[in-house]
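Look at the model before going on.

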Amino acid sequence: MSSTPRMSSSSRKAGDDSLLSFMRELPVLLLVAFLLAFLLRTFVVQVFYIPSASMVPTLQVDDRMVVEKLTYLFREPQRGEVVVFAGDETEVPSNGSAVSGLVTGVGRFLGLVPADARDFVKRVIGLPGETVLITDGVVTVNGVEIDEPFVVNADDRSFGPFEVPQGTLFVLGDNRPNSADSRLGLGYVPIEDVVGRAAFILWPPDHIGGLESYDLNDVG
């Protein structure tokens, strides 16, 4: 009659030592993983949560958008590109527990909830030194009308002319009647405040895909 093999004391000790070794290394592994994620988010890509309808139909409310940060290390933003830029820092008071604060922080890190910093997403229309004029909703740059197939909700108001200062951008939301942009509120955006270029919609599944690039640069 066979008996059930028993684990020797030396085998059990080896297993216990391996588990203890892993538990000791776990904090270091988590720290390295967090550091790599932080560096990736800071210098390469970042996920942003879209909380408003200012870029409809290009970006819908609750979309998660991937912004890449490498392109603008080699050149400045171009007309027609969708960019994210940093606005005024605003801290939201928190009355929740430490656990809820941690969950919120992780959500912001992953782009699942809005960040404290007022980051904006808009489309570049005017470049440094150019003149932007909006007449009955029609946008011209240096006297040349801009074709804007991405604008579905038009705004028939007139604004400008705007002389875009050096080192800044003139930006507009695609949802013109419902966008605070360079016409209203935001003014000119310093190029140094641009976080990166909107490249890809990550979520929800029915919106997944790259953001179409429009060549709006031929204005003379």
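Q: Where in the chain is Asp181 placed, relative to strands S9 and S10?

A: Asp181 sits in the loop between strand S9 (168–172) and strand S10 (189–190). The model is a predicted one.

Q: What makes up the surroundings of Asp181, leaving aside residues up to four places away in sequence?

A: Asp181 touches Lys122, Val171, Leu172, Gly173, Leu186 and Gly187. To count as a contact, heavy atoms must lie within 4.5 Å.

Q: How far apart are Asp181 and Val121 in sequence and in space?

A: The two are 60 residues apart in sequence, while their C-alpha atoms are 9.5 Å apart in space.

Q: Why does Trp203 count as partly exposed?

A: Its relative accessibility is 48%. Buried means under 20% and exposed means over 50%, with partly exposed in between, so Trp203 counts as partly exposed. Trp203 belongs to strand S11 (residues 194–203).

Q: What makes the nonpolar surface patch that includes Trp203?

A: The patch is made by Phe200, Leu202, Trp203 and Ile208, and covers about 390 Å². A patch residue needs over 30% relative accessible area, and Trp203 has 48%.

Q: Which strands form the open sheet, and in what order?

A: The sheet has 4 strands in the order S7-S6-S5-S8, with antiparallel pairing.

Q: Why do strands S7 and S8 count as edges of the sheet?

A: Strand S7 (144–145) and strand S8 (159–163) each have a single partner strand, so one side of each has no neighbour in the sheet.

Q: How do you know that strands S5 and S8 pair?

A: Pairing needs at least two bridges. Strand S5 (residues 131–135) is joined to S8 by 3 bridges, and the two run antiparallel. In one of the positions to look at, Thr131 has Glu163 in S8 as its bridge partner.

Q: What is the secondary structure of the whole protein?

A: There are 2 helices and 12 strands. Along the sequence they follow the pattern α-β-β-β-α-β-β-β-β-β-β-β-β-β.

Q: How much of the protein counts as buried?

A: Of its 220 residues, 33% count as buried. The accessible surface comes to about 13,100 Å², and 61% of that belongs to carbon and sulfur atoms.

Terms used:
Residues numbered from 1 in each chain as written. Predicted model: local features only at pLDDT ≥ 70, side-chain atom pairs only at ≥ 80, totals over all residues. Heavy atoms only, no water. Patch = residues over 30% accessible without salt bridge, like charges linked within 9 Å, V, L, I, M, F, W, Y side chains within 5 Å. Areas by Shrake-Rupley, 256 points an atom, 1.4 Å probe, with all protein chains shown as cover. Salt bridge = Lys/Arg side-chain N within 4 Å of Asp/Glu carboxyl O. Buried < 20%, exposed > 50% of the residue type's maximum accessible area, 1.4 Å probe, protein only.
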